[in-house]
There are 2 protein chains.
Amino acid sequence: MPAPPEFLQFIDDNANAFIQRLGEAVAIPSISGDATHRADVVKMAEWLNTHLQAVGVTTQLVDLGKHVMDGQELSLPPAILGKIGEDKSKKTVLVYGHFDVQPAEKSDGWDTDPFTLSIHPDGRLIGRGSSDDKGPVLGWLNVLQYHHAHGLPLPVNMRFCFEGMEESGSEGLDDLVRKEAKGWFKDVDCVCISDNYWLNTRTPALTYGLRGLTYIKATVSGPARDLHSGVFGRTVHEPMTDLVLLMSKLVDAQGKILIPGIDEMVDAASEDEKAIYEALDYSIADIEQSAGASIALSANKVDVLMGRMRYPSLSLHGIEGAFHGAGAKTVIPAKVAGKFSIRLVPPQTPALVDPLVIAYLEAEFAKLNSKNTLTVESLHGGKPWVEDVNHWNYEAAKVATKAVYGQDPDLTREGGSIPVTLTFAESLGVNVLLLPMGRGDDGAHSTNEKLDRSNFIQGTKLLGTYLYEIAAIEGKK
Amino acid sequence: MPAPPEFLQFIDDNANAFIQRLGEAVAIPSISGDATHRADVVKMAEWLNTHLQAVGVTTQLVDLGKHVMDGQELSLPPAILGKIGEDKSKKTVLVYGHFDVQPAEKSDGWDTDPFTLSIHPDGRLIGRGSSDDKGPVLGWLNVLQYHHAHGLPLPVNMRFCFEGMEESGSEGLDDLVRKEAKGWFKDVDCVCISDNYWLNTRTPALTYGLRGLTYIKATVSGPARDLHSGVFGRTVHEPMTDLVLLMSKLVDAQGKILIPGIDEMVDAASEDEKAIYEALDYSIADIEQSAGASIALSANKVDVLMGRMRYPSLSLHGIEGAFHGAGAKTVIPAKVAGKFSIRLVPPQTPALVDPLVIAYLEAEFAKLNSKNTLTVESLHGGKPWVEDVNHWNYEAAKVATKAVYGQDPDLTREGGSIPVTLTFAESLGVNVLLLPMGRGDDGAHSTNEKLDRSNFIQGTKLLGTYLYEIAAIEGKK
């Protein structure tokens, strides 16, 4: 049961109208992180709700309560729960997306107004939210519109969960998902999230893993106030000296984590697993182009890709409290805090890793024989996630990708985190698929964010085809 | 030939008038580092010039040209050269001081208006410049006033050099001193500078050494822009990792400099020299009270004082370009610059030390096998200075101190730098004495700067008595 040819034709025939509708959505500056735009996020929720209802989705706007941002109490924008189909003989697919966006101002360096969708002759649809995440959300609307317009049932039952706070920590969403696990979401068989990107600009991808994170702050304090290095140099224990010595014990210049037990927690990759990385359409040149310099840790593509996707990493971000300006200030800072984070992969979790980090830092600090004081704290953390790529949810997506794009998808893991993924996986206990619509160079949180026209239109076909393949494939239900 | 009792009595009798005059000087906010106060620095020069002429000094206001500050071209405030006495049978003493001050605003945390001299019942004369350096400069005026009022010749010929840019790098002064070495200053036999402080709050001091400095910036750059640590962690060489590893190789937690050849350049102290430090009226408790914490590198007072005064020190000041705010930003900074300085003691000079630092950092960086790029530069530097404490200039000051204060002075070296000291020593080739008027807790560049009444009045007596002892002592001329 592949997608009907009429569906694919409908998407092509209505491409311009879909792009125009994307323009309408982009024009609503639904910036969740800016209190002055909160009304726009609510407006965007109402816009999306209206469009969902127009294509036959039963919806519910969920009040998520209030929160404090920038010192003022604000109402959270509502989440939208949607439902279409109750056929017990069909699988039920839950789709997640978000309708809020990152901040953007023309003065940040945009070539055009970020909230006016600009259609470039080369096919780029440029505007804030075009790729993250309004394009994918509207992709689903496009699919639904075809079925609604033609009075055709969907091949699966669908549930929707759209939020307006993703760019600001998804406040309120975890509680909602947990609460509705046995309610609105009770018959869900699998989850599909389109909120990440292809590895490159050429090859569609399915993403089956995300790294977790623990963010550590190590503070060394000594004198009661900043001291003059002429007067106090070589008379007292200097907090910066201690802190830099500690930070130098965390990771070596080749990226190896030096905290005992961290790297060791992760099994080495089997030859089979290495073959997955070898197969990815990605090269050292791609990495270095993306970084803007020839600084890859290895000339071996598999090593570098595994470094990003399936091994932990430790990055030193900076020091709070030390001199950081231009020029030459001769201060001995009184209290300095080193910031670093460790990206985690299974079986690592913050709960397993943090005690090792803290014990190691305290032991290394003790070796310094310093009279200063060390405190170590985790500022925040999240667990990693890896999904079974042989599940029918992924198999359906592979077939659909091949059907629409004529090529097999890259099977990728992301080095970063999308916390809501883990929330769905843990709360619902079903397989979660990340099915990206956009390309690796979309610039999601950057200036001139774009979604390519072909990614929007072919991506819409992919979403629809995926539903048909889900329906067709052997599996639960 | 001790100071005449009439002189000492005159100073006591006129103490209140002297303090009132200090109030007049403090009331002129001669902040050299603030372009909006440049006219006040000029006004202060004119005020001082008038007062010098009123007590018989022949003066010359020297135009030092222009400079650029905060992007605008400004006229430098004039320096004042002064001359009194041409008696070939007398020694000639050159006095240096400065009439500009550090910035100060009540809102910085002052208890009273910083430019209104506040006379505290406990004797503190509180106001910006009271101790640094208007009090000492006016001390000389007080001495001159006695002799002028009584028609008495001074026991020595005097030359004066007062500047208005000391707090802003003494721009123009080096050239002036070099130019006048064989002109205005040609018969100078010794120099006296009152622009530093006692080691403690109890014991007068003579200062015979200053550390030099070299300020180093080591920059590691890699990617073309800041990178996301989720996407790039463990795929590329991170500049922060490299820089922290380099910075950790510079100094250990006990203050020992790890760059080969730096500490080794300095001879160990002889037992005789250690006895000087042992004799200083200073304790570990004084150091720790001053630092506000029990963090002295050693429980041995001599070791700690030598660490400040006669050994080099290396302090890590901070990192430019890394994350330095509050919170938890997961950035891989593209370009980071570590800042550190080394305080130098003879025979160290920036010219001798910088090549060792650069070669060592480059060698250590090579060991990292990083594909990032390192550049090392010295931002500025200055040579150390140590004077012969057995010279008649110091002997006269010792006798004078004993006469006025009833105790022997501490013989101190400062851990910091007063660059003009070296300028006079090198340009004139004569002995330079640092003869502090204020106490160690005067807070020269801080809030509530003060000079104690007794330090101002007894300090004035000391300056006069010093001139009489200079005249009396055996020595050149």
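Q: In which helix of chain B is the place of Asn142(B)?
A: Asn142(B) lies in helix α4 of chain B, which covers residues 130-149, where a helix is a DSSP run of H or I with at least four residues, a strand is a run of E with at least two, and both are numbered from the N terminus. This is a predicted model, in which local features need pLDDT of at least 70 and side-chain atom pairs count only at pLDDT 80 or more, while totals for chains, interfaces and linings use all residues. Residues are numbered from 1 along each chain as its sequence is written, chains are lettered from A and ligands numbered from 1 in the order in which they are written, and side-chain values use heavy atoms, with hydrogens and water left out.

Q: Why is Asn142(B) counted as buried?
A: The term buried means under 20% relative accessible area, with exposed over 50% and partly exposed in between (1.4 Å probe, protein chains only). Asn142(B) has 0% relative accessibility, so it counts as buried.

Q: Which residues does Asn142(B) touch, not counting residues up to four places away in sequence?
A: With contact meaning heavy atoms within 4.5 Å, Asn142(B) touches Phe10(B), Ile11(B), Phe18(B), Arg21(B), Phe456(B) and Thr460(B).

Q: Why are α3(A) and α4(A) called roughly parallel to each other?
A: Two packed helices are described by the angle between their axes and the distance between the axes. The axes are lines fitted to C-alpha atoms, for helices over the stretch in contact, and the angles run from 0 to 180 degrees between N-to-C directions. Angles under 35 degrees count as roughly parallel, over 145 as roughly antiparallel, 65 to 115 as roughly perpendicular and the rest as oblique. The axes of α3(A), residues 38-54, and α4(A), residues 130-149, come within 9 Å and cross at roughly 25°, and the two helices are therefore roughly parallel. Among the residues that make this contact are Met44(A), Trp47(A) and His51(A) of α3(A), together with Val137(A), Leu141(A) and His148(A) of α4(A).

Q: What makes up the contact of α3(A) with α4(A) by class?
A: Ala, Val, Leu, Ile, Met, Phe, Trp, Tyr, Cys and Pro count as nonpolar, Asp, Glu, Lys and Arg as charged, and the others, Gly among them, as polar. On that basis, the contact of α3(A) with α4(A) has nine nonpolar, two polar and one charged residues.

Q: Are α2(A) and α3(A) roughly parallel or roughly antiparallel to each other, and why?
A: The axes of α2(A), residues 15-26, and α3(A) cross at roughly 150° and come within 10 Å, and α2(A) and α3(A) are therefore roughly antiparallel. Arg21(A), Glu24(A) and Ala25(A) in α2(A) meet Met44(A), Trp47(A) and His51(A) in α3(A). This contact of α2(A) with α3(A) has three nonpolar, one polar and two charged residues.

Q: What makes helix α7 of chain A largely enclosed by the rest of the structure?
A: Nine of the nine residues of α7(A), which covers residues 239-247, are buried, so the helix is largely enclosed by the rest of the structure. The buried residues include Pro239(A), Asp242(A) and Met247(A).

Q: How do you know that the span of α12(A) is close to the one expected?
A: The expected span is 1.5 Å times one less than the number of residues in the helix. Helix α12(A), residues 392-405, has 14 residues and reaches 19 Å from its first C-alpha to its last, close to the expected 20 Å. Just after α12(A), Gly406(A) takes a positive phi of about 70°.
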